[in-house]
Amino acid sequence: MNATPTALAPTLGTLEERARQRTGAFGEDALIVCDSLVRIYQSEGVEVQALQGLDLLVEQGELVAIVGASGSGKSTLLSVLSGLDVPTAGRVRVGPWDLMSMSAKQRVAYRRSMVGFVWQQTARNIVPYLTAAENVEFPLALAGARRRVRRARAAELLDVLGVGYCADRRPSQMSGGEQQRVAIAVALANSPQVLFADEPTGELDTATSHDVLEGLRTVNRELGTTVVVVTHDSSVSEHVQRTVAIRDGRTSSEVVRRTHTADDGTEHVVAEEFAVLDRAGRVQLPREYREALDLVGKVRLALESSHVSVWPDRLPPDRPQEPPTRTGRHRAVPAHEEQQ
Ligand SMILES: Nc1ncnc2c1ncn2[C@@H]1O[C@H](COP(=O)(O)OP(=O)(O)OP(=O)(O)O)[C@@H](O)[C@H]1O
């Protein structure tokens, strides 16, 4: 019996179910999932696309830096993740919390229990007329913790951050770096699973920035807190395992650092840069690669057994070699597909 094309075609319900299953699989095991996030601002009749389909996964226990030029969308992303802002479209989850559909009450609970924050301006992080210890105890008092518990927790956190000696000092008696390390302790008072830091070193000099970034690293290593730090301080990548670069509201590349042990037993850190392949298969070619081979308009792709190569549309006269055709699967595509 011949089946009619209509009988073979999936129904709308089947297609929707398939789409749901695909969405469910993306980042299922990750602690933080941003899936095709879009945030559009309307400002005086002008539309600004701050996030343009951003994908990001962060695993439990990771220490990740998000870097990017001014206006690339870093703060917008952090506002969304911290529950202060709701994206226009996409999916965003932190642990069990679906940030797209939380009620106002759930949002407050999320901000109190799941996440902690450190902002660039120290005044936003700590109360000026309280000592460092009192600042750390403050959120614990709001959560109803007993005095003894509060004191012990404050002393422990200030010690972990290397500012135990500041316990009885007010912010005006501390340096900027000390204040930011106290701010990290305050953010961790209620034992959040995730710590978000927005430009925590923005107002600090290089040496002090180093101490604050090392403080975040210690917290990640010793307390197991997942840390996401947003910055345009390019030195941050020396302090974290993974640096994600955002460009035009999308993740564009990642630098992953790992320790490599040589045959003679010596250890050294290897930093590898990756381009991000988004869920639609788009890759952004770095500008220096495009410029070196004058890649504009469209490029040729060739599928090899272990990799894909990208070739200029027109080969320069001094390099007349053709793209490999072993697999016979090279094709020309508009370069903008690569550059989006
Ligand atoms: N409330 C808003 N209304 C309109 N446009 C906004 C608003 N907030 C941000 N934008 C725009 O969205 C884009 C992304 O801004 P965002 O602050 O997220 O970038 P950023 O990478 O954090 O920049 P910076 O490093 O300078 O803080 C920019 O073009 C910005 O002008």
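First, a rule for myself: I call two residues in contact if their C-beta atoms, placed from the backbone, lie within 7 Å.

Before going on, I note that this is a predicted model, where local features need pLDDT of at least 70, side-chain atom pairs count only at pLDDT 80 or more, and totals for chains, interfaces and linings use all residues. Residues are numbered from 1 along each chain as its sequence is written.

Entry one: Leu158. I looked up what Leu158 touches, skipping residues up to four places away in sequence, and found Ala132, Ala133, Val136, Val163, Gly164, Cys166, Ala167, Val182 and Ala185.

Entry two: the core. A nonpolar core is a set of buried Ala, Val, Leu, Ile, Met, Phe, Trp, Tyr and Cys residues joined through C-beta atoms within 7 Å. Buried means that 20 or more other C-beta atoms lie within 10 Å of a residue's own. The largest such core has 63 residues, and Leu158 and Val182 touch the most other members. Helix H8 (residues 176-187) gives the largest share, six residues.

Helices are DSSP runs (H or I, at least four residues), numbered from the N terminus. H6 (residues 132-142) packs on H7 (residues 147-160) at about 125 degrees, with the axes 9 Å apart. Which residues of H7 make the contact? I found Arg150, Arg151, Arg153, Ala154, Leu157 and Leu158.

Conventions: A residue is buried if 20 or more other C-beta atoms lie within 10 Å of its own, exposed if 12 or fewer, and partly exposed in between; C-beta atoms are placed from the backbone. Helices (H or I, at least four residues) and strands (E, at least two) are DSSP runs, numbered from the N terminus. Axes are lines fitted to C-alpha atoms, for helices over the stretch in contact, and angles run from 0 to 180 degrees between N-to-C directions.
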